[in-house]
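Visitor: I am new to this structure. Please show me how to read it, one feature at a time.

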Amino acid sequence: MTKLIDGKQVAENLKVQIASSVKKLIALGITPGIAVILVGDDPASQIYVRNKQRAAEKLGIDSEVITFPATVSEEKILAKINGLNANPAIDAILVQSPLPDHIDEHHIQSAIAPEKDVDGFHAHNVGALFANSEGYYPMANTPRGIMTLLKEYVPDLTGKNALVIGRSILVGRPMMAMLNNANATVTLAHRHTKNLAQLVATADVIIVAVGKPHFLKMSAAKADAVVIDVGINRLEDGQLVGDVLDDMPDSEQLLTPVPGGVGPMTIATLMQTTIELAQQHSIFE
Ligand SMILES: Nc1nc(=O)c2c([nH]1)NC[C@@H]1CN(c3ccc(C(=O)N[C@@H](CCC(=O)O)C(=O)O)cc3)C=[N+]21
């Protein structure tokens with residue numbers, strides 16, 4: 001087998017640290033709180049939101065899920081966000097993606113107060129990340145969780161060739177910035193990229209966030225490549241697979257499994273960001 005990166009275990013370790021930080025906050029009279037807005041009834045989104053809620057509950061973080069039907073108006077969601085922005089019990093606000101087509105996602109995400117923007121989507125926080133600014137600001141949890149995971153397996157990314165495939169606002173773009181801030185040489189590939197096979201063959205670290213089963217074969221990567229599979233694809237038979245096909249059973253390469261790789265790290269990192277926001281709010285109270 002290609003060696004598997006144990007995202008579940010690293011996430012568990014991170015949650016132990018988070019639980020102790022939550023205890024300290026609660027001793028100070030501060031209970032961290034996250035609000036999740038879920039629009040429509042997409043089954044995958046419901047699973048993720050339930051996972052988030054369960055993780056929060058286990059750690060002693062207050063969580064509130066607000067659900068709207070798919071037909072909800074933008075005004076209704078904005079009014080809810082304004083209420084949460086003003087609510088001192090709420091430290092973190094997350095609007096689950098994707099949103100129905102009639103809703104302007106950017107408009108919604110921008111309405112979240114930057115200091116409660118647990119996804120790091122607000123232009124203020126995106127700008128700070130891309131500028132590698134000093135001080136605290138929230139950043140997207142999936143790429144941040146990947147950085148935590150990479151730290152365990154590739155402690156120093158300086159000068160490494162990092163290839164990010166997929167340029168979404170949720171993963172690819174912030175991933176590019178974080179790898180760049182860690183001194184990797186970053187290439188961001190997407191649907192118009194022409195020499196992908198060549199880029200794959202020379203990359204030390206590959207982050208695949210495309211959303212297509214078997215998009216990348218491990219045999220196309222270097223013998224010592226570290227591959228992070230962000231894909232979550234449900235096949236017709238119900239099987240959950242990533243974007244990567246492991247066709248190199250005896251290689252020394254490293255790969256994150258799906259499930260049990262990036263997913264658990266995303267959830268743990270979301271909790272980490274939530275308590276950091278609560279800490280920030282307690283400092284400035
Ligand atoms: N505003 C926003 N922020 C997000 O962070 C966000 C989002 N929208 N929309 C969708 C994506 C996806 N996402 C996942 C969270 C947990 C698992 C997870 O728990 N995965 C498990 C398996 C879950 C299963 O069985 O389906 C695993 O990989 O082991 C996966 C994916 C957060 N996202």
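Visitor: Which residue in β3 is the bridge partner of Val-39?

Guide: Phe-68 is the bridge partner of Val-39 in β3. Two points before we go on. Residues are numbered from 1 along each chain as its sequence is written. This is a predicted model: local features need pLDDT of at least 70, side-chain atom pairs count only at pLDDT 80 or more, and totals for chains, interfaces and linings use all residues.

Visitor: In what order do the strands of the three-stranded open sheet lie?

Guide: The order is β3-β2-β4, and the pairing is parallel. β3 (62-68) and β4 are the edge strands, each pairing on one side only. On average, neighbouring strands of this sheet are turned by 15° against each other, direction ignored. Such angles use axes, which are lines fitted to C-alpha atoms, for helices over the stretch in contact; they run from 0 to 180 degrees between N-to-C directions.

Visitor: Which strands does helix α3 lie across?

Guide: Helix α3 (residues 74-86) lies across β2, β3 and β4. Its direction is about 180° to β2. Contact between two residues requires their C-beta atoms, placed from the backbone, to lie within 7 Å.

Visitor: What is the strand order in the open sheet of six strands?

Guide: Read it as β1-β13-β9-β7-β5-β6, with parallel pairing. Strands β5 (residues 161-165) and β7 (residues 205-208) run parallel and are joined by four bridges. There, Val-164 has Ile-207 in β7 as its bridge partner.

Visitor: How are two packed helices described?

Guide: By the angle between their axes and the distance between the axes. Take helix α1 (residues 7-27) and α6: their axes come within 10 Å and cross at roughly 105°. That makes α1 roughly perpendicular to α6. The cut-offs are these: under 35 degrees is roughly parallel, over 145 roughly antiparallel, 65 to 115 roughly perpendicular, and the rest oblique.

Visitor: Which residues of α1 and α6 meet?

Guide: Gly-7, Val-10 and Leu-14 in α1 meet Thr-148, Leu-149 and Glu-152 in α6. By class, the residues of this contact are three nonpolar, two polar and one charged. Ala, Val, Leu, Ile, Met, Phe, Trp, Tyr, Cys and Pro count as nonpolar; Asp, Glu, Lys and Arg as charged; the others, Gly among them, as polar.

Visitor: Into which domains is the chain divided?

Guide: Domain 1 (29-116) and domain 2 (141-263). The bounds come from an automatic or database domain assignment. Taken over C-alpha atoms, the domain centres are separated by 28 Å.

Visitor: Which residues come nearest to the ligand?

Guide: Tyr-48, Asn-51, Ser-97, Pro-259 and Gly-263 come nearest, out of 19 residues around the ligand. A residue is near a molecule or strand if its C-beta atom, placed from the backbone, lies within 6 Å of it. Domain 1 and domain 2 each give at least three residues to the shell. The largest share, four residues, comes from α9. The shell has 10 nonpolar, eight polar and one charged residues.

Conventions. Helix = DSSP H or I, 4+ residues; strand = E, 2+ residues; numbered from the N terminus. Pairing = 2+ DSSP bridges.
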